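Open the structure in your viewer and keep the selection panel at hand. The stops below say what to select next and what is there.

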Amino acid sequence: MRNIGVIIKKQLKDTFKNKTVLIQFVMFPVLALIFENAIHIPDMPELFFTKLFSVMYMGMAPLTSVAAIISEEKEKNTLRVLMMANVKPWEYLAGIGAYVWMICMAGAGVMSTSLPAKDIPFFLGVMAAGFIISIAAGACIGIFSPNQMVSTSLVMPVMLIFSFAPMLAMFNDKIEKVARFFYTQQIRVLLNNMTFDGIKPESLVIIAVNAMLALVLFFAAFKKKGLE
Amino acid sequence: MITAKNICKSFADREVLSGIDLDIRPGTIFGLLGPSGAGKTTLIKIITGQLVSDDGEVNVLGKNVKDLTGADKKQIGIMMDDHGIYERMSCSDNLKIFADIYGVPYSEIDKTLKAVGLAEAAKRPAMKLSKGMRARLRLARVLMIFPKILFLDEPTSGLDPTTMKYIHKLIIEQKERGCTVFLTTHNMEEASVLCGEVALLNEGRIIEHGAPDEICRRYNHQKKINIHLTSGEDLGLEQESDSAAVISRLLEQGKIETIHSSEPTLESVFLELTGRKLEADEEAKYA
């Protein structure tokens, strides 16, 4: 357990010096706050920007940051040094996953300031679940990629699909028919209703299938490539 | 402290190591010498458990390398040529990560940075360090944990002579505190200065081993004395009683500029055994 703490501490220190990862974490919460407070269009759905950016944040930040962190450590050979220091692969992955999840939850916390207090627990609960799926997907790519260049080229299309499909689905029914099978789209549906009572079983099933798929791919990638 | 029996390793059809036997005593500096591609890094990776050999057995700290526990591994410091450092973090923060992992008090960080000559650069990001400073930071990372065994893969490769001497001093200090050092190098001078025992590795086989002086004496076939005279002439005399009178006369006449016996170096022994030069191969690698 101590090694997980060490990895989290290391990442926290590194985040403030790693502008590319820092921007991922900060951009959407800040944009959501600015847009929500600055733009008021008649007939615009309530909390439109917060809900939109929350889903984009979920599909983008954890996915790209986890993949970038793991692939950078592989490329620079610092991961091997950690393994030689008897940090177990699962400790490393748990540390990175926990760190990204905590930072993203902090971002979600910032976004939730626009919401009525009664909706905050629901919002944070849904976001927490979505972040876990994105982290698992990002870890798959990070484990599979030998370096940052491969990681970026793999993560870009995945990230674009998961983060932008829910937005595009609002304007195009055909896209919606496909996007509904993505966890980000179903989380957008949950956030639109914003109640535990309004959760449809279909949404839960699709999110659960997405989560299972991400975990299966994660373990398959780990079994095939390991962390070296 | 470290024993290896009949280590063999192949990658695809290429045999990289064949029948390697080693027995390294505690508290000594052992040097594995060989040109680029001889199999030095592969052997160090097998001994440290990073790679599994196809055949043979490795024992470290009295246990099969496969059975080493986490606590055992914490007594082993490994500095590989390609091991990275956290570029955006300061020297001090780089060491803090490993101090946390190994449970080393933070007070050791400043001491270690001072010992490797990086005290002034403690707060500097690693990306702003020179090559020599980075090598010293990598070394600091393993010295800080006070290992019982230290594996150093080409610790001075590509470094300037000043940094090289500094690192030699640090390695000797480790030996003096009782640490067993296993180092790979292609630098003959480094091996002669540091190592109590060396093994010459060529194409995956140990072709000679022993103390550097002993190896050199073993291959001293010529037994000649080379004299460079003040007149610019070179004179080669056999090591026999008749030569003593000649040398004595030349000394009295003040005609001797330099005088050397002709013991071979590790380099010339390697050349004799393999027909290859050690350092030339390395130079070709970096050319």
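Two strands count as paired if DSSP finds at least two bridges between them. Keep that cut-off in mind for the first stop. The model is a predicted one.

**Stop 1: the sheet of chain B.** Select strand S4 (residues 55-60) of chain B together with S5(B). The two strands pair in the antiparallel sense over 2 bridges, so the pair meets the cut-off of at least two. For one bridge, pick Val60(B): its partner in S5(B) is Lys63(B).

Now widen the selection to the whole sheet. It is open, has 4 strands in the order S2-S1-S4-S5 (chain B), and its pairing is antiparallel.

**Stop 2: Leu61(B).** Step into the loop between S4 and S5 of chain B, where Leu61(B) sits. Its phi is near 55°, a positive value in a residue other than glycine. Leu61(B) counts as partly exposed because it has 17 C-beta neighbours inside 10 Å.

**Stop 3: Asn86(A).** Go to the loop between helix H4 (78-84) and H5 of chain A, which holds Asn86(A). Asn86(A) is not a glycine, yet has a positive phi of about 70°. With 18 C-beta neighbours inside 10 Å, Asn86(A) is also classed as partly exposed.

**Stop 4: helix H2 of chain A.** Select residues 19-38 of chain A, which form helix H2. Look for a kink of about 35° at Val26(A), shortly before the proline Pro29(A). Colour the buried residues of H2(A), among them Val21(A), Phe28(A), Pro29(A) and Glu36(A). Then show what covers them: the cover includes helix H1 (2-15), helix H3 (48-76) and H5 of chain A.

**Stop 5: confidence in chain A.** Colour by pLDDT. The average for chain A is 91, and 100% of its residues score at least 70.

**Stop 6: where the chains meet.** Show both chains. Here 18 residues of chain B are in contact with 17 residues of chain A. Helix H2 (70-73) and helix H3 (91-102) of chain B each give two or more residues to chain B's side. H3(B) supplies the largest share, 6 residues. By class, that side has 8 nonpolar, 3 polar and 7 charged residues.

Methods: Residues are numbered from 1 along each chain as its sequence is written. Chains are lettered from A and ligands numbered from 1 in the order in which they are written. This is a predicted model: local features need pLDDT of at least 70, side-chain atom pairs count only at pLDDT 80 or more; totals for chains, interfaces and linings use all residues. Two residues are in contact if their C-beta atoms, placed from the backbone, lie within 7 Å. Ala, Val, Leu, Ile, Met, Phe, Trp, Tyr, Cys and Pro count as nonpolar, Asp, Glu, Lys and Arg as charged, and the others, Gly among them, as polar. pLDDT is the predictor's confidence in each residue, from 0 to 100. The bend at a residue is the angle between axes fitted to the seven residues ending there and the seven starting there. A residue is buried if 20 or more other C-beta atoms lie within 10 Å of its own, exposed if 12 or fewer, and partly exposed in between; C-beta atoms are placed from the backbone.
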